[in-house]
Amino acid sequence: MGDMTLESQKIMQEMGEVTDHETMILWTRQVKAVWEELESSGEYRVKKEYIEKKNDTIAEYYLELYRWYTREAGKYIDLEDGQEYPVWLCIDEDNMLQPVEDTVILKVEVPLDKVLLCNMDAWGYRVNYWYIPLNDADAEKHKKELKRYGIGEEDELISTDKGNFYPLLRKKLTDSWSRVFTLTAEKKEQVTATTWELRKEWVKEVRLYGNGQ
């Protein structure tokens with residue numbers, strides 16, 4: 001069972017809009033087909049083929065990345081079978097992804113126990129196979145450690161066989177990745193939300209853009 005008692009999650013929740021009935025107001029930009037699926041079936045979950053279609057030749061990289069995210073998220077939130085890939089949402093309307101042609105903006109009210117917040121600065125490090133430092137001092141210490149071992153590009157510890165020669169350093173790097181959930185963001189612009197499904201009853205507002213608006 002997931003544990004949502006993390007202090008970092010509580011702090012980041014307070015940067016957004018939490019209601020009195022244990023829900024959070026969030027915004028997400030999706031293709032119109034997502035809203036159509038919500039209207040017809042009442043729920044939406046990200047499927048493998050959606051990621052493959054969106055990312056084309058680099059789809060496998062993102063599939064692996066999102067599978068890791070979901071596995072790690074399972075330590076903090078309860079997930080059901082079939083909830084394999086996250087839906088990304090913004091905690092602040094002013095900082096949400098802006099609409100483009102043939103997209104839809106959904107304002108949703110999601111139960112807190114269905115939301116896991118992510119430090120986007122830390123996520124950027126994870127995406128690039130970098131070590132996620134606790135603070136500036138930790139970052140400097142890690143930089144010196146890499147230099148001591150003669151490692152110029154730390155992602156090589158993951159993307160090449162170099163990690164086999166430095167297993168403890170590689171483990172230190174991969175263990176740090178959980179900080180995408182546990183490292184408190186300093187401001188709300190650095191926070192994004194994820195859930196593993198959308199439900200029609202959560203939708204409070206729909207904004208259509210483009211043809212059929």
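Reply:

Start with length. Helix 6 has 13 residues, and at 1.5 Å a residue they should span 18 Å. The C-alpha atoms at its ends are 18 Å apart, which agrees. Keep in mind that this is a predicted model.

Now look at the sides of the helix. Asp138, His142, Glu145 and Leu146 are buried in helix 6. Around the axis they cover an arc of only 100°, so they sit on the same side of helix 6. There is a simple rule behind such patterns. An α-helix has 3.6 residues a turn, so residues three or four places apart point the same way.

Turn to the face pointing away from the buried side. Exposed residues are found there: Asp136, Ala137, Lys143, Lys144, Lys147 and Arg148.

What do the buried residues of helix 6 pack against? Their partners are helix 7 (156-159), helix 8 and helix 9.

Take Glu145 and Lys172. Their side chains meet in a salt bridge, 2.6 Å from N to O. Glu145 has 17% relative accessibility and counts as buried. Lys172, at 26%, is partly exposed.

Next come Arg179 and Asp138. The side chains of these two also form a salt bridge, at 3.8 Å from N to O. Arg179 lies in helix 9 and Asp138 in helix 6, so the pair ties together parts 41 residues apart in sequence. Both Arg179 and Asp138 are buried.

Arg179 leads us to another residue, Ile132. Ile132 lies in the loop between helix 5 (120-127) and helix 6. Its relative accessibility is 1%, so Ile132 counts as buried. In sequence, Ile132 and Arg179 are 47 residues apart; in space, their C-alpha atoms are 6.8 Å apart. Leaving out residues up to four places away in sequence, Ile132 touches Ala122, Tyr125, Arg126, Ser176, Trp177, Arg179, Val180 and Leu183.

Lys188 is in the loop between helix 9 (179-182) and strand 7 (191-195), while Asp92 is in the loop between strand 4 (87-90) and strand 5 (103-111). The two residues are 96 residues apart, and the pair links distant parts of the chain. Lys188 is partly exposed at 34% relative accessibility. Asp92 is buried, with a relative accessible area of 13%. Salt bridges can also share partners: Glu43, Arg45, Glu80, Glu197 and Arg199 are joined into one network that way.

Now the nonpolar residues. In soluble globular proteins, nonpolar side chains tend to be buried together. Here the largest nonpolar core has 53 residues, and Leu26 and Trp123 have the most contacts inside it. Helix 4 (residues 59-73) gives this core its largest share, six residues. A second, separate core has five residues, including Ile25, Trp27, Cys90 and Met96.

Not counting residues up to four places away in sequence, Leu26 touches Leu89, Cys90, Ile91, Leu106, Lys107, Val108, Val110, Val115 and Ala193.

Finish with strand 2 (residues 23-31). Seven of its nine residues are buried, so strand 2 is largely enclosed by the rest of the structure. Which strands pair with strand 2? One is strand 1 (residues 17-18), which runs antiparallel to strand 2 and is joined to it by two bridges. In this pair, Val18 stands opposite Met24. Strand 1 and strand 2 form a hairpin with four residues between them. Glu22, in the turn, has a positive phi of about 60°. Another partner is strand 5, which pairs with strand 2 in the antiparallel sense over nine bridges. There, Gln30 stands opposite Val104 in strand 5.

Notes: Residues numbered from 1 in each chain as written. Predicted model: local features only at pLDDT ≥ 70, side-chain atom pairs only at ≥ 80, totals over all residues. Heavy atoms only, no water. Buried < 20%, exposed > 50% of the residue type's maximum accessible area, 1.4 Å probe, protein only. Salt bridge = Lys/Arg side-chain N within 4 Å of Asp/Glu carboxyl O. Core = buried A, V, L, I, M, F, W, Y, C linked by side-chain atoms within 4.5 Å. Contact = heavy atoms within 4.5 Å. Pairing = 2+ DSSP bridges. Expected span 1.5 Å × (residues − 1). Arc of directions from axis to C-beta.
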